[in-house]
Amino acid sequence: MQFGIFTVGDVTPDPTNGRVPTEHERIKAMVTIARKAEEVGLDVFATGEHHNEPFVPSSPTTMLGYIAAQTDRLLLSTSTTLITTNDPVKIAEDYAMLQHLADGRVDLMMGRGNTGPVYPWFGKDIRSGIPLAIENYALLHRLWREHVVDWKGKFRTPLESFTSTPRPLDGVPPFVWHGSIRSPEIAEQAAYYGDGFFANHIFWPASHTQRMIALYRQRFAHYGHGGEDQAIVGLGGQVFMRKNSQDAVEEFRPYFDNAPVYGHGPSLEEFTAETPLTVGSPQQVIDRTLGFRDYVGDYQRQLFLMDHAGLPLKTVLEQLDILGEEVVPVLRKEFAAVKPAHVPEAPTHASLVAAAQNKEKVQA
Amino acid sequence: MKQRTLVVVSAGLSQPSSTRLLADRLSAAAVDAAAALGVRLAVREFELRDLAHDIANHLLTGFPPAALRDALDAVAGADGLIAVTPVFNASYSGLFKSFFDVVDEDALDDKPVLIAATGGTARHSLALEHALRPMFAYLHAVTLPTSVFAASEDWGGDAALPPARLRRTAHTSTEGRLHGRILRAAEELAREVARREPVTVADPFALTTSFEDLLAS
């Protein structure tokens with residue numbers, strides 16, 4: 001099982017002192033956080049993609065390429081890549097390039113984006129969100145698998161004899177996850193291709209996640225990629241930890257109360273009861289996280305949101321220390337102990353290359 | 001007897017409120033009127049005051065806490081709806097509007113809705129026609145022709161009258177005006193509920209298309 005962190009890349013004032021990091025500070029902090037993730041033994045760092053303030057990561061492959069050069073082991077991913085407003089041709093090129101530079105340590109998570117005005121800035125319409133996600137990904141999927149592509153669709157210029165360069169590393173495209181909170185069509189899309197499905201699992205009740213994952217698993221099996229329990233599932237999660245749980249609650253409360261998404265709404269206690277947010281001791285985080293399996297089954301990737309709502313970099317790095325030293329080692333052991341052998345790990349470049357070679361052998 | 005569900009949403013703020021009083025009388029009259037048409041109405045009542053924090057939280061977080069989820073599911077699954085608000089500043093109250101702002105899309109499609117309101121004087125009564133009726137039209141509800149407004153003075157006019165005399169004079173006498181409107185609106189609601197099939201609610205997580213269709217569209 002893979003453990004990691006995902007970041008939104010928000011520039012948010014620290015509610016305890018009003019300090020706002022500059023964009024430069026925030027961007028550099030994201031890099032520091034990614035390096036820390038590798039240092040404390042996490043597997044994955046994923047960055048969001050946004051084209052509006054107060055978010056900084058508009059150019060994920062630039063950032064991930066830079067992080068790739070400063071890390072050795074860390075798998076670099078996105079949370080999410082906007083499959084609606086980006087040109088699928090540019091996604092194919094950018095991420096193949098990143099894949100080469102990072103020696104295969106790359107996968108992606110496709111998402112639609114829910115900010116209405118961003119769509120027209122890129123010549124699109126949010127009302128076509130699902131059709132854009134379907135058509136653009138269908139093209140991207142081909143561009144990474146077929147050397148020469150002739151293509152015609154609704155949303156971009158037709159392609160005649162087009163080859164996306166560079167070709168994917170070792171002829172194996174990056175693994176793709178599809179993220180959606182409540183659109184069954186996206187679970188269906190992930191299932192159709194045999195790709196991974198990632199549930200945000202942060203801002204919404206666990207019952208949503210449970211329904212979406214169940215649908216994805218059922219359709220994954222329907223399309224013949226394996227059993228329902230062999231589908232590739234990822235979950236988000238959000239935690240804040242201190243040795244004593246009351247300290248965690250006290251320290252996190254002002255950040256929670258003023259957070260961009262849920263601030264000034266439900267109380268911290270209400271929100272932790274209604275969503276998977278856990279604020280408390282490392283043991284509480286371990287117990288809650290192990291409980292996710294009860295409603296989604298054995299899953300392959302757990303990403304935590306750690307750096308948001310104006311938390312200072314120093315605090316985030318402390319949180320990563322606790323996550324890497326006290327929480328993830330226990331989770332690895334406990335999850336591994338209960339996972340049946342026929343449930344696969346999340347695909348990596350190495351496993352995909354091996355699978356491709358096996359397939360060639362079988363065909364030869 | 002056919003079984004149908006009636007949900008009553010009342011946005012009164014004081015406890016007890018005249019809004020709730022009106023809601024209760026409408027609901028009782030609807031149960032009687034439906035029974036006369038061979039329909040047993042199971043009634044659920046929701047005081048929006050109890051859900052005020054949940055409604056604000058839903059607006060901010062995008063999902064309803066459990067108690068509000070229950071109310072929203074009940075509204076979506078109801079065969080008939082009675083919606084009663086106090087009139088504030090010539091319109092529905094903000095709480096009333098906020099609740100219907102978080103009702104699921106399409107939840108009121110073709111749903112018979114009886115609208116009613118309370119206010120200090122009869123001068124506020126057209127808020128029903130100018131504020132509530134357009135909102136429910138927008139939500140594709142079947143809003144009944146008779147809306148019911150109760151001003152403070154109406155509670156003195158007919159409440160003390162014996163039921164038999166009320167029924168005789170309801171539609172004509174000035175004294176029985178409120179009660180008459182309640183009966184007329186309740187009969188309209190009962191008729192609309194009785195002639196419809198029970199409501200079915202679509203599962204938002206159910207897949208309604210196949211990937212081949214998605215690709216082709």
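Q: In chain B, what share of the contacts with a separation of 6 or more comes from residues 24 or more positions apart?
A: Keep in mind that this is a predicted model, so everything here is computed from it. Chain B carries nine helices and six strands. Of its contacts with a separation of 6 or more, the share from residues 24 or more positions apart is 75%.

Q: What radius of gyration does chain B have, and what would a compact globule of 217 residues have?
A: The C-alpha trace of chain B spans about 65 × 40 × 30 Å along its principal axes, and 42% of the 217 residues count as buried. A compact globule with 217 residues would come in near 17 Å, and chain B agrees with that, at 18 Å.

Q: Which residues of helix α3(B) are buried?
A: Helix α3 of chain B runs over residues 66-77, and its 12 residues reach 16 Å from the first C-alpha to the last, close to the 16 Å expected. To count as buried, a residue needs 20 or more other C-beta atoms within 10 Å of its own. In α3(B), that picks out Leu68(B), Ala71(B), Leu72(B), Val75(B) and Ala76(B).

Q: Which elements of chain B do the buried residues of α3(B) pack against?
A: Val75(B) is one of the buried residues in question. The partners include both strands and helices of chain B: β1 (2-10), β2 (39-47), α2 (52-61), β3 (80-86) and α4 (94-102).

Q: How does the radius of gyration of chain A sit against the globule rule for 364 residues?
A: Chain A has 12 helices and 13 strands. The globule rule gives 21 Å for 364 residues, and chain A is close to it, so it is as compact as a globular protein of that length; its own radius of gyration is 20 Å.

Q: Which element gives the largest share of the side of chain A that touches chain B?
A: The contact takes 21 residues from chain A and 16 residues from chain B. Elements giving two or more residues to chain A's side are α5 (129-145), α6 (184-193), α7 (206-222) and α9 (268-274). The largest share, five residues, comes from α6(A).

Notes: Residues are numbered from 1 along each chain as its sequence is written. Chains are lettered from A and ligands numbered from 1 in the order in which they are written. This is a predicted model: local features need pLDDT of at least 70, side-chain atom pairs count only at pLDDT 80 or more; totals for chains, interfaces and linings use all residues. Two residues are in contact if their C-beta atoms, placed from the backbone, lie within 7 Å. Helices (H or I, at least four residues) and strands (E, at least two) are DSSP runs, numbered from the N terminus. The expected span of a helix is 1.5 Å times one less than its number of residues. A residue is buried if 20 or more other C-beta atoms lie within 10 Å of its own, exposed if 12 or fewer, and partly exposed in between; C-beta atoms are placed from the backbone. The radius of gyration is taken over C-alpha atoms; the globule rule is 2.2 Å times the number of residues to the power 0.38.
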